[in-house]
Amino acid sequence: NLSDKLDKALHNLKGHGQITEINVAETIKEVRRALLDADVNFKIAKQFTNKVKEKALGQNVLTTLQPGQLMVKIVKDELTELMGGDAEGVNLSGTPSVVLMSGLQGSGKTTFSGKLANFLKTKKTKKPLLVACDVYRPAAVDQLHVVGDQISVDVYSDKGNTDPVAIAQAGIAHAKANGHNIVIIDTAGRLAVDEAMMTEISNIHKAIQPQETLFVVDAMTGQDAVNTAKAFNDVLDFDGVILTKLDGDTRGGAAISIKSVVNKPIKFIGTGEKMDAIDVFYPNRMADRILGMGDVVSLVERAQEQYDEEEARKLQKKIAKNQFGFDDFLSQIQQIKKMGSMKDLLGMIPGAGKALKGIDIDDDAFKHVEAIIHSMTPGERSTPSTINASRKKRIAKGSGRTVQEVNQLMKQFDQMSKMMKMMQGGGGRQMMNMMNK
Ligand code: GDP
Ligand code: MG
């Protein structure tokens with residue numbers, strides 16, 4: 001993928017103590033090839049690398065102590081700028097604010113409509129309404145209702161009606177009458193750009209004059225995404241791009257091309273099928289990701305969001321009273337799992353992305369540990385010290401694991417308990433200091 005290719009390209013420089021005009025040119029060639037391989041438009045890749053080259057040679061890289069790092073920084077900064085400066089929000093200035101979704105069939109419009117409603121509802125105390133304007137497939141209306149139910153957001157639909165413009169208008173009227181301050185209009189798409197689809201979305205757009213028109217695109221569609229984006233932008237002059245399905249292997253390529261061709265900000269990314277798999281698009285983080293530096297900021301934010309503070313407080317009490325047992329250990333594992341799939345999370349740690357290649361770590365990574373704990377009696381879980389050799393044998397048998405594995409888990413548990421005890425007491429600060437050194 002692009003990340004690996006750039007890694008390789010930049011590797012040339014990382015090792016070198018000095019940047020000469022020759023190895024700048026060499027690296028630039030590699031970077032360009034990497035971008036092309038990732039389906040970045042040829043012209044854009046060329047523009048990009050020319051700019052990087054100019055900067056690298058202009059910034060007196062030869063005189064700096066670590067020219068390789070400076071070069072990486074230049075590539076990263078350029079990539080960040082190319083993908084769009086600062087993160088931009090959604091225009092919510094209307095009463096109600098109307099958001100129109102556009103894009104091909106299967107790009108993720110309906111899913112993203114739900115994600116956005118959920119996002120605005122929880123983060124900005126808004127009261128959204130979803131409006132179902134896909135009149136071609138009855139299942140599409142049902143799908144939006146299912147989404148609405150999942151996130152407890154009202155859905156307006158009119159199944160007999162075949163006029164999407166009329167439904168959109170009625171939906172907005174419904175929102176006004178019922179105190180909704182955001183209206184998200186989900187529309188129909190087709191498998192490829194055609195006249196009928198463009199006329200329809202354009203008619204809806206003209207009739208309702210949304211505050212925000214979003215173009216939803218599947219990040220996995222590569223070079224095609226550029227053409228589709230251009231076609232929609234020509235007709236709608238949309239305000240922003242939503243890049244979906246970034247949870248797969250695809251990273252970045254589409255973001256770079258689309259942004260350059262239509263010059264519209266990418267506002268959100270979709271990272272999964274679930275309603276909370278939405279992230280604000282940060283160009284600098286995306287650049288990090290593309291360059292394989294990891295997205296540590298996102299990781300930390302996600303962890304904070306998901307970690308249940310109430311649980312944490314209860315746990316602290318238990319630790320203080322020396323009552324920490326295997327049931328708590330189990331709930332800790334559940335907490336970690338809540339943060340998202342392991343591979344997802346680990347992929348955000350710098351360097352880990354590469355190390356994990358070819359290794360299949362999934363949510364089942366804890367399966368064995370869980371099996372062992374489940375084979376313990378409640379008494380054994382709350383008082384692990386009672387687990388003697390014969391009990392270990394029984395637990396191993398019950399869980400289908402070996403006694404060594406049970407032993408290993410006991411040891412890990414012991415260490416974890418000790419560490420937590422230490423963090424609790426005055427040792428906490430001492431330990432943090434130690435780790436910071
Ligand atoms: P629409 O035809 O544009 O309304 O697309 P849908 O919202 O129905 O999505 C099409 C398919 O893509 C569905 O199976 C969704 O679950 C899936 N999908 C949508 N967004 C994402 C995403 O960010 N990641 C993944 N993995 N799947 C997604
Ligand atoms: Mg749909």
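This report describes the sheet, the helices packed on it and the surroundings of the ligand in a predicted model.

**Overall make-up**

The protein contains 21 helices and eight strands, and buried residues account for 38% of its 437 residues. Of the contacts between residues at least 6 apart in sequence, 73% join residues that are at least 24 apart.

**The sheet**

The eight strands form an open sheet with mixed pairing, in which the order is β3-β2-β4-β1-β5-β6-β7-β8. Strands β3 (154–156) and β8 (278–280) are the edge strands, each of them pairing on one side only, and from one strand to the next the twist averages 25 degrees.

| Helix | Strands | Angle |
|---|---|---|
| α7 (residues 164–177) | β1 (97–102), β2 (128–133), β3 and β4 (182–187) | about 165 degrees to β2 |
| α10 (residues 253–262) | β5, β6 and β7 (266–270) | about 165 degrees with β6 |

Helix α7, which lies across β1, β2, β3 and β4, also meets another helix, α8 (residues 195–208), and the axes of α7 and α8 come within 9 Å and cross at roughly 30 degrees. The crossing of α7 with α8 is right-handed. On the α7 side, the contact is made by Pro164, Val165, Ala168, Gln169 and Ile172, while α8 contributes Glu200, Asn203, Ile204, Ala207 and Ile208. Sorted by class, the residues in this contact of α7 with α8 are seven nonpolar, two polar and one charged.

**Surroundings of the ligand**

There are 17 residues around ligand 1, and those that come nearest are Gly108, Lys109, Thr110, Thr111 and Gly270. Helix α5 (residues 109–124) supplies the largest share of this shell, namely three residues. In terms of class, the shell around ligand 1 comprises twelve polar, four charged and one nonpolar residues.

Definitions and conventions. Residues are numbered from 1 along each chain as its sequence is written. Chains are lettered from A and ligands numbered from 1 in the order in which they are written. This is a predicted model: local features need pLDDT of at least 70, side-chain atom pairs count only at pLDDT 80 or more; totals for chains, interfaces and linings use all residues. Two strands pair if DSSP finds at least two bridges between them. Helices (H or I, at least four residues) and strands (E, at least two) are DSSP runs, numbered from the N terminus. Axes are lines fitted to C-alpha atoms, for helices over the stretch in contact, and angles run from 0 to 180 degrees between N-to-C directions. Two residues are in contact if their C-beta atoms, placed from the backbone, lie within 7 Å. A residue is buried if 20 or more other C-beta atoms lie within 10 Å of its own, exposed if 12 or fewer, and partly exposed in between; C-beta atoms are placed from the backbone. A residue is near a molecule or strand if its C-beta atom, placed from the backbone, lies within 6 Å of it. Ala, Val, Leu, Ile, Met, Phe, Trp, Tyr, Cys and Pro count as nonpolar, Asp, Glu, Lys and Arg as charged, and the others, Gly among them, as polar. A crossing is left-handed if the near helix is turned anticlockwise from the far one by less than a right angle, and right-handed if clockwise.
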